[in-house]
Amino acid sequence: MGKTKRDEKQYWLLKTEPGEWSWDDQASNGGLSKWDGVKNHQALKHLKSARLHDLCFFYHSGTKSRRIVGVVTVVREWYDDEVDGAIDVKAVGEMRRPVDLKEMKGELKNGKEFGLFRQPRLSVVPVPVDIWEKICELGNGYEGDGVIASDGDEVDEHV
């Protein structure tokens, strides 16, 4: 039996204002949180499409810190709660070096299809795998990615 589209890992970017919910907030409580409060229909559609074990960039939005600061994984798919609905995510690890919006725009040559650039107001956007890999490269990866960072800037593959 072959892999279906549903079996393939997907990648997402979840935006949050650090004053509302920051990476430090996410990292506390064992790194587990409910991701809710999404109102835009397209962002909701994306959130409802997130599957167990998908990886998501944790992006601080706002005027002062537009940057990817960490990675979370989906630990519970879409469910209805008392208000609207949500997914549960768990912190995987902090980026070894945060990647800011300006750097991404400068480095992602094929970033035209990246929702963060096309629809910057959406709070949940899919991340194509090539863009995911490039952003991880720009940030020297993230804690928990299976790569061991040496004392220098180089990153050694974990064996």
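Trainee: How many salt bridges does the count come to in this structure?

Mentor: In this predicted model, the count comes to 7 salt bridges.

Trainee: Why is the contact between E77 and R51 called a salt bridge?

Mentor: The N to O distance between the two side chains is 3.5 Å. The cut-off is 4 Å between a nitrogen of Lys or Arg and a carboxyl oxygen of Asp or Glu, so the pair qualifies.

Trainee: What makes E77 and R51 a link between separate parts of the chain?

Mentor: E77 belongs to strand β4 (residues 67–79), whereas R51 sits in the loop between α2 (41–49) and β3 (55–60); the pair therefore ties together parts that are 26 residues apart in sequence.

Trainee: Why is R51 called partly exposed?

Mentor: Its relative accessible area is 23%. Buried requires under 20% and exposed over 50%, so R51 falls in between. E77, with 24%, is likewise partly exposed.

Trainee: How do you know that D145 and R96 form a salt bridge?

Mentor: Their closest N and O atoms are 3.0 Å apart, which is within 4 Å and therefore meets the criterion. D145 lies in the loop between α5 (129–138) and β7 (147–149) and R96 in strand β5 (residues 86–100), so this pair joins parts that are 49 residues apart in sequence.

Terms used
Residues numbered from 1 in each chain as written. Predicted model: local features only at pLDDT ≥ 70, side-chain atom pairs only at ≥ 80, totals over all residues. Heavy atoms only, no water. Helix = DSSP H or I, 4+ residues; strand = E, 2+ residues; numbered from the N terminus. Buried < 20%, exposed > 50% of the residue type's maximum accessible area, 1.4 Å probe, protein only.
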